[in-house]
Amino acid sequence: GILHGAKTGHLVVHCNSKVMIIDFNVNQPKTYSFCIDENMCNLKVKGEDGNFNYELGVNENLNSAKHQLKRTEDRKFMYQKIGSLVAAISILVFVALILQSFQ
């Protein structure tokens, strides 16, 4: 959740009852970074004079050790899926050839 005072400009960002960011007199566009679990999040506060828009995104290009490990595991899982698919197709072709040879 985001609480942003229209008159004071005080900003509070919270997630699961944990305060992530507190900043005072935020009356100009500003960018904040914080972590949720293992994900680096970017919050962009846009606008002026009490008319603000907020944009929240996850930095997936972060080059940390945890993200590299996650990418490696994702690739490994993808290769396992491809290998399982190739094995299943090979078994079906083999069974089809055996059934065809008995006819």
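Which residues form a nonpolar patch on the surface? I looked this up before anything else, keeping in mind that I have a predicted model here. The patch is made of Ile91, Phe94, Val95, Ile98, Leu99 and Phe102. Together they have about 640 Å² of accessible area.

I picked one patch member to look at by itself. Isoleucine 98 sits in helix H1, which runs over residues 65-101. I get 33% relative accessibility for isoleucine 98, so I put it down as partly exposed; the cut-off for buried is under 20% and for exposed over 50%.

Next, the overall layout. Going along the sequence, the pattern reads β-β-β-β-β-β-α. The radius of gyration comes out at 25 Å, well over the 13 Å from the globule rule for 103 residues, so I note the chain as more spread out than a compact globule. I also boxed the C-alpha atoms along the principal axes and got roughly 85 × 30 × 25 Å. As for burial, 14% of the 103 residues are buried.

Then the sheet. I find an open sheet of three strands, ordered S4-S5-S6, and the pairing is antiparallel. S4 (30-36) and S6 (51-58) are the edge strands, each pairing on one side only. From one strand to the next, the twist averages 20°. I followed S5 (residues 39-48) against S6 and found antiparallel pairing over eight bridges. In S6, glutamate 55 is the residue standing opposite lysine 44.

How many salt bridges does the structure hold? My tally is two.

I took the one at lysine 30 to begin with. Its side chain meets that of aspartate 23 in a salt bridge, at 2.7 Å from N to O.

Lysine 46 is partly exposed, because its relative accessibility is 37%. Glutamate 55 has a relative accessible area of 38%, so I file it as partly exposed too.

Notes: Residues are numbered from 1 along each chain as its sequence is written. This is a predicted model: local features need pLDDT of at least 70, side-chain atom pairs count only at pLDDT 80 or more; totals for chains, interfaces and linings use all residues. Side-chain values use heavy atoms; hydrogens and water are left out. Patches are made of residues with over 30% relative accessible area and no salt bridge: like charges are joined within 9 Å, nonpolar side chains (Val, Leu, Ile, Met, Phe, Trp, Tyr) within 5 Å. Accessible areas come from the Shrake-Rupley method with a 1.4 Å probe; for residues, only the protein chains shown count as cover. A salt bridge is a side-chain nitrogen of Lys or Arg within 4 Å of a carboxyl oxygen of Asp or Glu. Helices (H or I, at least four residues) and strands (E, at least two) are DSSP runs, numbered from the N terminus. Buried means under 20% relative accessible area, exposed over 50%, partly exposed in between (1.4 Å probe, protein chains only). Two strands pair if DSSP finds at least two bridges between them. Axes are lines fitted to C-alpha atoms, for helices over the stretch in contact, and angles run from 0 to 180 degrees between N-to-C directions. The radius of gyration is taken over C-alpha atoms; the globule rule is 2.2 Å times the number of residues to the power 0.38.
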